[in-house]
Amino acid sequence: MSKLTVATATMYDLSLAGAEEASRLGEQSGDIDHLLLALTINEQVAGQVLRALGADLERTRAAVEQQHADQLASLGVQATMPGPGRITYHERGEFAWNDRALDVLRRAGQGGKRGDAAAVLRELVDEGSGLIEAILQRLDTSPQQVRELLDQAERYPALPTRAADNGRSLSGAGAVHVPAPVTDVWALLNDPARMPEWDLLFGRVDDLPDDVAPGATWTAYALETAPNGKPQRINPERRRARIELVESEPTTAIEWITTWPDSPTSNKRRMRIELEPAAGGTRLLIRHAWERTSSRRGIPLLRWVMRPLYSFAIWLQISQTGASIGRVFR
């Protein structure tokens, strides 16, 4: 991926996770502690480093809460802070980073820095207010340990994932971290009735199978109302979908094909999710493909021209799917 693509993807992922964490406390502005929380569930090297040091989401949330409480107490303020609630960002849709968080994000992409999550984490632990260092100390680690482990991890960079277009399908893959055990994530993905909890396309399901095994099918209906209460505009031909389970390896892998019976020329959607245990939760490898029908393969030159846009769309769908699965457990 180009530097711009990496920085844009990182900014999107961290801003979404940061906004969700802030919304748990009714806040609409994100600070550097929200940025740290967002990094703990990031699947890039930065998130892996934090989790390896014991800074997973739950422990970091507790450390942030205690740090803020102690800061207030040191000022003579004895106040009972409201406890965290559920994530409400998607209902309100308002969020902005404050100046010092934005400064960290900007510096991560300046002076030859890549703008990825590792660069953000390096800038975060070097931030001069002392807040992040204090939180890390509560997690039994330090900025120096973070830097050293980042140095070790970045000697072996991961290969970039690109979208592929072979004329018959457009596909891509991406990894995400979910802060929950493999068994819990599997129970979510393997239950057709729970698909609307994490698949952004659908609002309800019907015609559920008695036996959830490869070959089972069920009907899903498009989401009619967004989380913020606004009605969704739905193409009548895409209102109803048919889901087929094509592979199911308990706690390891699951795959579905989605078709739209009222729109026979629509592309099929194939989604495969592989699961493996990871520090602080579960690592998911999400493979997403749109398989063209014979009547919709298009003009090769047009496909080539549109490839960057298609690649971005595939990446966005994978990122949103991973974020939605993780949100269930946060």
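In which kind of crossing, left-handed or right-handed, does α7 pass α9? Hi everyone, let's find out together.

A word on the model: it is predicted, local features need pLDDT of at least 70, side-chain atom pairs count only at pLDDT 80 or more, and totals for chains, interfaces and linings use all residues. Residues are numbered from 1 along each chain as its sequence is written, and side-chain values use heavy atoms, leaving out hydrogens and water.

Now to the helices, which here are DSSP runs of H or I with at least four residues, numbered from the N terminus. Helix α7 (residues 117-126) packs against helix α9 (residues 143-153) at about 160 degrees, and their axes are 10 Å apart. An axis is a line fitted to C-alpha atoms over the stretch in contact, and angles run from 0 to 180 degrees between N-to-C directions. That makes α7 roughly antiparallel to α9, a label for angles over 145 degrees. And the crossing is left-handed: the near helix is turned anticlockwise from the far one by less than a right angle, whereas clockwise would be right-handed.

Who touches whom? On the α7 side we have Ala118, Leu121, Arg122, Val125 and Asp126, and they meet Pro143, Val146, Arg147, Leu150 and Asp151 of α9; contact means heavy atoms within 4.5 Å. These residues split into 6 nonpolar, no polar and 4 charged. Nonpolar covers Ala, Val, Leu, Ile, Met, Phe, Trp, Tyr, Cys and Pro; charged covers Asp, Glu, Lys and Arg; the others, Gly among them, are polar.

Helix α9 has another partner, α3 (residues 45-52): the axes come within 10 Å and cross at roughly 130 degrees. Val45, Ala46, Val49 and Ala52 of α3 meet Val146, Leu149, Leu150 and Ala153 of α9, making 8 nonpolar residues, with no polar and no charged ones.

How many cavities of 30 Å³ or more does a search of the whole structure find? The search finds 1. A cavity is a set of points on a 1 Å grid over the protein atoms alone where a 1.4 Å probe fits but cannot get out, and lining residues have an atom within 4 Å of a point. The largest cavity holds about 40 Å³, and its lining is Ala19, Ser23, Glu27, Gln28, Tyr89, Arg92, Glu94 and Phe95. By class, that lining has 3 nonpolar, 2 polar and 3 charged residues.

Notes
Helix = DSSP H or I, 4+ residues; strand = E, 2+ residues; numbered from the N terminus. Parallel < 35°, antiparallel > 145°, perpendicular 65-115°, else oblique. 1 Å grid on protein atoms, 1.4 Å probe; cavity = no way out; pocket = protein on both sides within 12 Å on 5 of 7 lines; lining within 4 Å. Points joined across faces, edges and corners; volume = space filled by probe spheres on them.
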